[in-house]
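The following exercises are to be worked with the sequence and the model side by side. Each task is followed by a stepwise solution.

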Amino acid sequence: MTDLEQVRRLVTEIPGPRSRELAARRSAAMPAKMGSTMPVFAARAGGGVMVDVDGNSFIDFGAGIAVVNVGSSAPGVVEAIQRQVEDFTHTCAMVTPYESYVAVCEALNRLTPGDHEKRSMLVNSGAEAVENAVKIARHYTGRDAVVTFEHGFHGRTLLTMTLTAKSMPYKHGFGPFAPEVYRMPFAYPYRCPTGASYDECGPSCAEAAISAMTRELGPDQIAAVIVEPVQGEGGVIVPGAGFLPAIVEFCNANGIVFIADEVQSGFGRTGTMFACEAESIVPDLITTAKGIAGGLPLGGVTGRAEIMDSIHGGGLGGTFGGNPIACVAALAAIDQLENGGLLERSQAIGATLMSRLRELAQHHDVIGDVRGRGAMVAIELVRGGGDKTPAPELAGKLLAACHQDGLVLLKAGTYDNVIRIMPPLVINDALLDEGLSVIEKAFASL
C-alpha cells in the first residue's frame, strides 16, 4: 500500500497559487483548447487520493479515467519498473524480443474470455489496439464494412474517431472520416432508441440492429462488429440484458468478427476481469489498455489463434508497442488484480456506490438514472419532474462543486449530463464514504 496519507485535506483555495502559476505556463505552451477536468496540477497520487502541487489532498473518484485500477504508483508496479529500468529501457520487440512481452501476451491469452487457443500482440494505447483489431478483422474476412454503435467511444485517431459516435469534441471539424463504418442503435435502457421498456430494451435493440445490418449492409459484407460491453465515455451505459448475446450469435452465424472493446471496462473495473464475463460473452478479438499496466501506456489485441495468425509477415507491430517497462508494470498490476482480492473489492465498491446513489436519487428527481457494474458507476442528470431532458449545465455545476470540495470526479455522456464514478480499486471504505458525502453535499447545495 502507498505511504501517502489517505485523507481529504484542503489547505489553499482551489486552485492554489502554484496550480495557477502552472496553468499560466500551460496556457502559453499548449494548445488553447486541450481539455482539463480539474483546475489543479498533480504532485503525488496513491491509494484513493491525489495530492496537488499546493498540498491539497483530493479523494480520487476518477482513477485517471479507469487506468490506475491498482492505484497510482502501486508498490509492486514501482518495484518492477525500477528493476527493468536498470536492465534496459528499449530494444524494440520486433528487433530483439524479451521475456516480459511474451509473459504479458501469455497472461492476456489466459485471462480473456474463452478457452480456445489465442494469440496476443501489444501496442501503445487503446486507440492503437482498436485500429489493429479492425485491420486484423478486415484482413481475415476479406470484407470491408465495420459496424459500431450509438454512444460508443473507441479513440481519437482517424479510424477510431470514425468509430466513435459523439461529434463534439471528438470529431467536429476533423473529417473526412474513414470509409465503410456503419453505426447501429445501442441498447441504452434509460433512453431506449426503440422505445422499449428497461427490461425489453436489450432484445428490442438487438432485433433492430440485426435487421438494419441485414437489410442495409448484408452480413456477407461485414468484417467486424465492435462494441464496448459497458460504454464508458458514452455515459457508463450497461446494455440491456440480452443485447450482446444476440449480436454475438448473429456474428457467429455470419462469419463476422466480434470485437469487444474492453479498454475502459477491463481489468477488474466492472467486478470481473472483463465486462464480457457478465453475460458469458466470448469475443473473437478483445482490445485492452487503460487498467492493464498500473498507469503506464500499454494496449493489446487478443484473439482467436486462427484470426491472429492469418496476418502476413510484418503486418503487425510498432516501434514502441510492448515497451519493456510497460510490460513489467502490466505483469505486476495483473498479479495484484488476480491475487490481491481486487475483483471482489470492485464488486464491494459497486454495491456501496449503487446503494448510496440510489438513495440519493430518492431525494433529487434530477437524477434520472443510476447505473453501472462493479466500480464503474454513473448518475444521469435530467431536468426532473418526469422530464428526461438532459441537464448538462447541472452536471457541470455539480462537478465544479465537488472539485472545490476536494473530490476528483468525471463527466461523460453523449449529452454531457452524466457523472461517472470510477475510483481506484484500492480505495478504502472511509474515503469512499467521504467522497459520496461530498457528492450528496453538492446536490444539497445546488
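**Exercise 1: A core residue**

Leaving aside neighbours within four places in sequence, isoleucine 439 is in contact (heavy atoms within 4.5 Å) with Phe61, Leu360, Leu398, Cys402, Leu407, Leu409 and Ile421. This is a predicted model, in which local features need pLDDT of at least 70, side-chain atom pairs count only at pLDDT 80 or more, and totals for chains, interfaces and linings use all residues. Residues are numbered from 1 along each chain as its sequence is written, and side-chain values use heavy atoms, with hydrogens and water left out.

Task: state which residues touch the most other members of the largest nonpolar core.

Solution. A nonpolar core is a set of buried Ala, Val, Leu, Ile, Met, Phe, Trp, Tyr and Cys residues joined through side-chain atoms within 4.5 Å; buried means under 20% relative accessible area (1.4 Å probe, protein chains only). The largest such core has 124 residues, and Phe61, Phe149, Met213, Val225 and Ile439 touch the most other members. Helix 10 (residues 324-339), a DSSP run of H or I with at least four residues, gives the most to this core, with 10 residues.

**Exercise 2: A strand and its partners**

Task: determine in which sense strand 9 pairs with strand 8 and with strand 10.

Solution. Strands are DSSP runs of E with at least two residues, and two strands pair if DSSP finds at least two bridges between them. First, strand 8 (residues 257-261) and strand 9 are parallel, over 3 bridges; here aspartate 261 has threonine 287 as its bridge partner. Next, strand 10 (residues 299-304) joins strand 9 in the antiparallel sense over 4 bridges, and valine 301 stands opposite threonine 287. Finally, both faces of strand 9 (residues 285-288) are covered, with Leu285 and Thr287 buried on one side and Ile286 and Thr288 on the other.

Methods. Buried < 20%, exposed > 50% of the residue type's maximum accessible area, 1.4 Å probe, protein only.
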